[in-house]
Amino acid sequence: MVAEKKSKIVKRINSLTAFFRRLAAQKKHINEEMEGKYSPSLIALIGAFGAAVLMILMLFVPNYLGVGDDGSFHRVMEAAGLSYISDTALEERSEFFNRVYLLDTSKYLPGNEMRNSQVLIVKAAVKLDWLLTGDNYFDIRMLALIYGIFYVPAIYLLIRQACMRVKCFSEGFVIGFLGVLIFADVAYITYFNSLYPEAVWFISLLYCIAGAVSFQEKRSLLKEIGSLFLIAGSGIVLMTSRAQCAFIGIILALYCLKLLFTRKEWGFSVVCVLTSLVLSIISIGAMAGLESDFNQTDKFHAMSRGVLFGSNDPAKTLEEFGIDASFELLADVSAYDPIPLVKVEEEVISDNFLNKYSVSDIGRYYIRHPEKFVRMIDIAIKSCFGIRRDQCGNYEKSVGLPEGGRSPFWSLFSTFKNSAAPKTIGYLIVLIIAACLLFGKEYSLRPLEDKRSTVLLDSIAVLLLICISQAGVTIVNSGDAAMIRHCFLVSAGMDIMTYFVFAQIAHRLNIF
């Protein structure tokens with residue numbers, strides 16, 4: 001019996017060994033055939049074409065896919081002059097995706113509308129739809145078309161930069177396929193057919209990072225200035241899309257200053273400084289001028305689902321804010337509970353609780369207790385791993401699927417993230433360590449060394465700072481109650497970090 005088991009194990013090992021030998025031989029054959037023909041641009045072009053096909057299948061071919069409204073569309077709809085076609089559509093807005101909206105300016109209040117880059121894009125789509133059809137209806141696929149036109153080049157640029165460090169076709173093909181697998185996932189693409197800001201965030205971030213990483217290769221002065229403009233342009237769209245994104249402009253401005261050392265021409269240095277200055281000014285203006293993304297309910301959650309939620313002694317914590325210890329009962333309480341313990345509008349809550357602290361008070365609390373902030377960051381990472389809105393359907397009601405139905409098409413990566421990926425701050429730490437080990441050897445602080453060797457690690461640092469800033473803004477303003485709504489960029493940033501780290505590991509180990 002023991003001999004038979006050993007014999008089976010040996011056979012399986014031999015079979016696997018033979019399989020990997022055949023795979024290695026096939027890889028060698030393909031690379032020999034493609035020797036001298038490998039091109040990062042070609043791989044990126046094929047990847048972008050694949051992403052475009054997938055996007056068309058999801059958004060423009062029946063059954064059309066999108067994302068239902070979780071209740072946050074109303075301000076964008078008012079600003080763009082849209083409304084739901086019927087009361088039934090309004091009542092079922094989260095369970096089903098609404099493709100067609102009614103042009104309705106009756107709720108439009110001049111001077112009171114939401115103003116940001118996303119609203120401008122939605123207004124442009126509405127205007128274009130009206131010019132083409134002349135009717136009183138808006139098909140949201142027109143908005144998806146605008147997003148798609150900008151999305152495909154972004155995918156091309158990102159995949160091309162990821163493939164720049166490999167020299168053989170098999171590695172480039174795997175890296176290109178992985179780019180399509182991650183960044184053409186249905187969880188990302190369906191946001192194009194919606195009024196959420198996620199589509200603007202996603203596409204702008206792809207351009208920002210593709211532009212940032214492009215400095216790893218030495219090019220003409222004109223092309224490098226073009227990359228600076230790409231970072232600045234996409235960064236401006238990103239930071240003006242919502243107030244919570246405004247600080248990203250400062251992060252990008254610092255990166256542009258760091259690029260001063262990649263070239264010695266004074267003209268390039270001047271452009272770097274001017275780009276950094278413009279990003280900083282617009283960032284500060286966005287912080288001061290854009291409407292806050294958070295309300296009184298969020299402020300309540302910042303304490304109940306943030307500070308108190310992470311406290312071992314809520315009564316003592318309340319004393320730090322000068323709040324009566326009796327409010328410790330609010331620890332872990334959410335205003336969104338089916339039967340809420342309190343109502344935020346109640347006078348006793350407003351006068352004796354909400355008015356006792358501000359966002360800056362909460363920020364200073366986390367500075368004094370960094371371990372509490374790290375714990376909340378861990379919660380943020382867990383919350384935002386699933387970037388698909390819970391209970392928000394992907395299908396129109398006419399399709400006949402159950403309420404809240406979500407499409408399984410091209411969802412391998414998002415499904416893996418939800419079910420198998422480690423949802424912890426430890427995963428982010430592992431990514432950072434891996435990036436330092438992979439890209440840190442080339443890093444140099446010496447003034448005469450080639451500063452292009454620092455570009456990849458600097459770009460990873462930009463992504464890390466974006467993740468921390470977005471998680472931090474959400475934690476300070478609303479605790480963990482609305483992280484899925486505000487922490488999209490944390491998940492997208494980690495996906496891009498994962499992509500570049502995997503590409504480098506695959507290259508170093510020569511496994512493909």
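This predicted model holds 22 aromatic pairs. The tour starts with one of them.

Select Phe 177 and Trp 410. Their ring centres lie 6.4 Å apart and the planes meet at 80°; an angle over 60 degrees counts as edge-to-face, so this pair is edge-to-face. Now look at where each partner sits along the chain. Phe 177 belongs to helix H7 (residues 169-183), while Trp 410 is in the loop between helix H17 (370-384) and helix H18 (412-419). The two residues are 233 residues apart, and their pair links distant parts of the chain.

Are these two residues buried, partly exposed or exposed? Phe 177 is partly exposed, with a relative accessible area of 43%. Trp 410 is also partly exposed, at 26%.

Next, select Phe 73, Tyr 147, Tyr 151, Tyr 188, Tyr 191, Phe 192, Tyr 196, Trp 201, Phe 202 and Phe 488. Together they form one aromatic cluster.

Then select helix H9, residues 198-213. How far apart are its end C-alpha atoms? They are 22 Å apart. This agrees with expectation, because 16 residues at 1.5 Å a residue should span 22 Å. Helix H9 is mostly covered: of its 16 residues, 16 are buried.

The last stops are two charged side chains over rings.

- Select Lys 299 and Tyr 357: Lys 299 lies over the face of Tyr 357, 5.3 Å from the ring centre.
- Select Arg 375 and Phe 309: Arg 375 lies over the face of Phe 309, and here the distance to the ring centre is 5.6 Å.

Technical notes. Residues numbered from 1 in each chain as written. Predicted model: local features only at pLDDT ≥ 70, side-chain atom pairs only at ≥ 80, totals over all residues. Heavy atoms only, no water. Helix = DSSP H or I, 4+ residues; strand = E, 2+ residues; numbered from the N terminus. Expected span 1.5 Å × (residues − 1). Buried < 20%, exposed > 50% of the residue type's maximum accessible area, 1.4 Å probe, protein only. Phe/Tyr/Trp six-rings, centres within 6.5 Å; stacked < 30°, edge-to-face > 60°. Lys NZ or Arg CZ within 6 Å of the ring centre and 35° of its normal.
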